[in-house]
Amino acid sequence: MIEVKNLVKDYGGHLAVKNASFTIRDGEIVGFLGPNGAGKSTTMNILTGYLSATSGSVSVDGYDIVEYPHEAKKRIGYLPELPPLYTDMTVGEYLNFCYDLKKVTLPRKPHLEEICRLVRIDNVYKRQIKNLSKGYRQRVGIAQALIGNPDVLILDEPTVGLDPVQIIEIRNLIAQLGKNHTVILSSHILSEIQAVCERIIIINKGVIVADGMASELSHSLSQDHSLTARIEGPKAEVMKLIASIRGVDTVTATGAKDGKALEYRILPLDGVDIRKALFDRLADRHWPLIALSSNELTLEEIFVRLASDENTEFVLKMQEKKEAEQNEADADQTETEENN
Ligand code: ATP
């Protein structure tokens, strides 16, 4: 487990990370997302002990990175944005060199062979790194991070500068590594993070502005949870039927048309998924459902909002909403306790 508490990094008057706190549990694949200059590399460099923080703390499996650097660092494999490759060496020479540097005690030959097989660089083992393609160099960088079998892998923009085929190969490799490692992956590309990560942490201007599972983020950060449906059928009866579905709060006809279908805006009660019931009930009446879409923000929209200048207002609104929900939950709990 990685615990980051109140992390601050001040580069001589420029605050690159402002009071960031988060916890990463074993086995999670977490995407660290933010626009250029958001503070991703700075945070990652602090997590790996490469940079020191101005204040705050980072611990890996309970070992503080400053107090117990050796114990903490041996649990982390790091691929910096610019992989630290010695390009005059062959792949084999370089990996053996990293093995020695890290003072690994696992049996050398089988350990390196296993890593090369896993990241598929066994075919270039004897080639000089400078003669490899960028995709292969990136694999060598990942191989270096895997030496010593660390539980945690921290990968800073691992696909930057690769061609589309190489990007997919590296993504697949990361997904595979995620089965046996805790992975933290930074990127400024949303689709990249969505393709591999379950949980997303969004950072902007040094502040963590969102943290959650990809699906939950869309739901919790959206103000509008309504659905838009296009249905062929007699308007008044369709509306009556929709209103009678359990979990529907309100239904209104928007006035838009799609061929013979009319458009409706349906607001479900909080947390109720009415889609299946809607489909079944309409099918019973042979009223075709032509289209059904959610009006919640997509992750792309959330990211753009969080990363843009209207971000402060948006984040404040989100915080107010979260606080209100928390207060409501607390009130419910008190009521239940009082009733008991
Ligand atoms: P990118 O996606 O462009 O790599 P990032 O999210 O990784 O961006 P950082 O590299 O952590 O962002 O930089 C965060 C901020 O700190 C930026 O404004 C950057 O200019 C600044 N910064 C980074 N390193 C230093 C440094 N050594 N000295 C002063 N400022 C720095």
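**A sheet and the helices around it**

In this predicted model, Val 248 has Pro 268, a residue of β13, as its bridge partner. Strand β12 is joined to strand β13 (residues 261-268) by 7 bridges, and these two strands run antiparallel. Strands of a sheet pair through backbone hydrogen bonds, and the pairing can be either parallel or antiparallel.

Both strands belong to an open sheet of 4 strands, which has the order β12-β13-β11-β14 and antiparallel pairing. Because β12 (248-258) and β14 (289-294) stand at the edges and each have a single partner strand, one side of each is left without a neighbour in the sheet. On average, and ignoring direction, neighbouring strands of this sheet are turned by 20° against each other.

Helix α9 (residues 235-244) lies across β11 (227-231), β12 and β13, and runs at about 150° to β12. Helix α10 (residues 275-284) also packs on the sheet, where it touches β11, β13 and β14, and its direction makes about 170° with that of β14.

Elsewhere in the chain numbering, another pair of helices deserves a look. Helix α3 (residues 91-101) packs with helix α5 (residues 134-146) at an angle of about 25°, their axes being 9 Å apart. Since the angle is under 35 degrees, α3 is roughly parallel to α5. The contact is made by Val 91, Tyr 94, Leu 95 and Cys 98 on the side of α3, and by Val 140, Ala 143 and Gln 144 on the side of α5. Of the residues in this contact, 6 are nonpolar, 1 is polar and none is charged.

Methods: Residues numbered from 1 in each chain as written. Predicted model: local features only at pLDDT ≥ 70, side-chain atom pairs only at ≥ 80, totals over all residues. Heavy atoms only, no water. Pairing = 2+ DSSP bridges. Axes fitted to C-alpha atoms, helices over the stretch in contact; angles between N-to-C directions. Contact = heavy atoms within 4.5 Å. Parallel < 35°, antiparallel > 145°, perpendicular 65-115°, else oblique. Nonpolar A, V, L, I, M, F, W, Y, C, P; charged D, E, K, R; others polar.
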